Amino acid sequence: MKALKFYGREDVRLLDVPEPVPGQGEVKIRVKYCGFCGTDLGEYKNGPLVVPARPHHVTGQSVPNITLGHEFSGEISEIGAGVQGFDVGDRVAVRPTICCYTCYFCREGKVMHCRRRAVIGTSRDGAFAEFVLAPVDCIFKFPASVDYAPVALCEPLAVSLHGVNTAQIKLDTTVAIIGAGPIGLMALQNALLQGAKSVFVIDPLAKRREIALQLGATAVFDPTVGDPGKEIDKLTGGLRADVTLEIAGVPSAMRLAPTVTARGGKIVQLGLMMETCDAFPFMLTFSRTQSIIPSFEYVNNEFPAALDLLVRKRVNIDPLITKIISLNDIVEKGFKVLTGPEKAEHIKVLVSPEI
């Protein structure tokens, strides 16, 4: 089969490798779609960062013996020993986070902090391939009435849902979202589902602001033109946003967050920021008594909750999928495009081994 192996900075190779064989408690999945995540692109440009340079303490895998890709859906093609409740042909979403369920953090339901945590697509072979293995506790069935493509984005939807849950958005909450990429546009929909009164979206790209309006944003702002904080101030009677979700993952977005947030408000950071955020306005957050709360990944029950939103069509994923490419084109039309000048044209690109 074909699989994309990560060798290092700007070095990914589509190779012919043996098909994996499911072990005890595992299933083999024929990949239907796998999405590009910012993590994949960060590894390509600057890695290894998350991908282990030395053998991982659980999986034993490391560069260059790692297949990337952790946002995916597929069909079970083979079942390993001891697996019950699943059959060949089942359509499944896959939670890429693998945990031990026995450490303190797992017992608290915080799988993202598991002491023996591994992740399909970073520390264990992922789904930029024709087939991938997954432990049975990481797979979730969905009906034939739901397409494979949107389900591939169940993982980032769970990330957005965790951010909204962390913010404790309730009826009449005013929300600002900085960054209208896939997770930002999903968070917009999740905030509205949880009763947000107004959701303001801030992004420099016109296409993303337009989609945000289509998905229900109250108003959108270009942070490179004018002052979004003052504009939101006018629209909220001088109060600004009760909750701000920083999802862009760049220092300028984090510095902007306190200026759009109300006195006593919350700033929830979802963006994966690989740079140092210099000149952060701590005096502003101090004088306005604002809280800054990180939101990392998701807890156990949020992944199936995200899948339920997709199954019941409570969130609209279709406008976020801007291109689908073949596995054979993953380097030239995927990694190189999404880390180059054309990246602004896309929100979420999916890879399909079947085209």
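Which two side chains meet in a salt bridge at 2.9 Å, N to O? Asp11 and Arg13 do, and they open this set of close-up views. The model is predicted, so local features need pLDDT of at least 70 and side-chain atom pairs count only at pLDDT 80 or more, while totals for chains, interfaces and linings use all residues. Residues are numbered from 1 along each chain as its sequence is written, and side-chain values use heavy atoms, with hydrogens and water left out.

View 1. The structure holds 17 salt bridges, each a side-chain nitrogen of Lys or Arg within 4 Å of a carboxyl oxygen of Asp or Glu. In the pair from our opening question, Asp11 is partly exposed at 24% relative accessibility, and Arg13 is partly exposed at 35%. (Buried means under 20% relative accessible area, exposed over 50%, and partly exposed in between, with a 1.4 Å probe and protein chains only.) Lys45 pairs with Glu10, their closest N and O atoms being 2.9 Å apart. This pair links distant parts of the chain, 35 residues apart: Lys45 sits in helix H1, and Glu10 in the loop between strand S1 (2–8) and strand S2 (11–16). Helices (H or I, at least four residues) and strands (E, at least two) are DSSP runs, numbered from the N terminus.

View 2. Asp137 is partly exposed, with a relative accessible area of 32%, whereas Arg95 is buried, at 3%.

**View 3. The largest nonpolar core.** A nonpolar core is a set of buried Ala, Val, Leu, Ile, Met, Phe, Trp, Tyr and Cys residues joined through side-chain atoms within 4.5 Å. The largest one has 47 residues, and Ile177, Leu185, Leu188, Val199, Val201 and Leu245 touch the most other members. Among the elements that give two or more residues to this core are helix H4 (154–167), helix H5 (182–193) and strand S11 (198–202). H4 supplies the largest share, six residues. Look for Leu188: leaving aside residues up to four places away in sequence, Leu188 touches Ile177, Val199, Val201, Ala212, Leu215, Gly216 and Ala217. Contact here means heavy atoms within 4.5 Å.

View 4. In H6, Arg208, Arg209, Ile211 and Ala212 are buried. Seen down the axis of H6, these buried residues fall within an arc of 160°, so they line one face of the helix; the arc is that of the directions from the helix axis to the C-beta atoms. On the other side of H6, Ala206 and Gln214 are exposed. The cover over the buried residues of H6 includes H5, S11 and strand S12 (219–221). After H6 comes Gly216, with a positive phi near 115°.

**View 5. Helix H8, mostly covered.** Seven of the 10 residues in H8 (residues 251–260) are buried. They are Pro251, Ala253, Met254, Leu256, Ala257, Pro258 and Val260.
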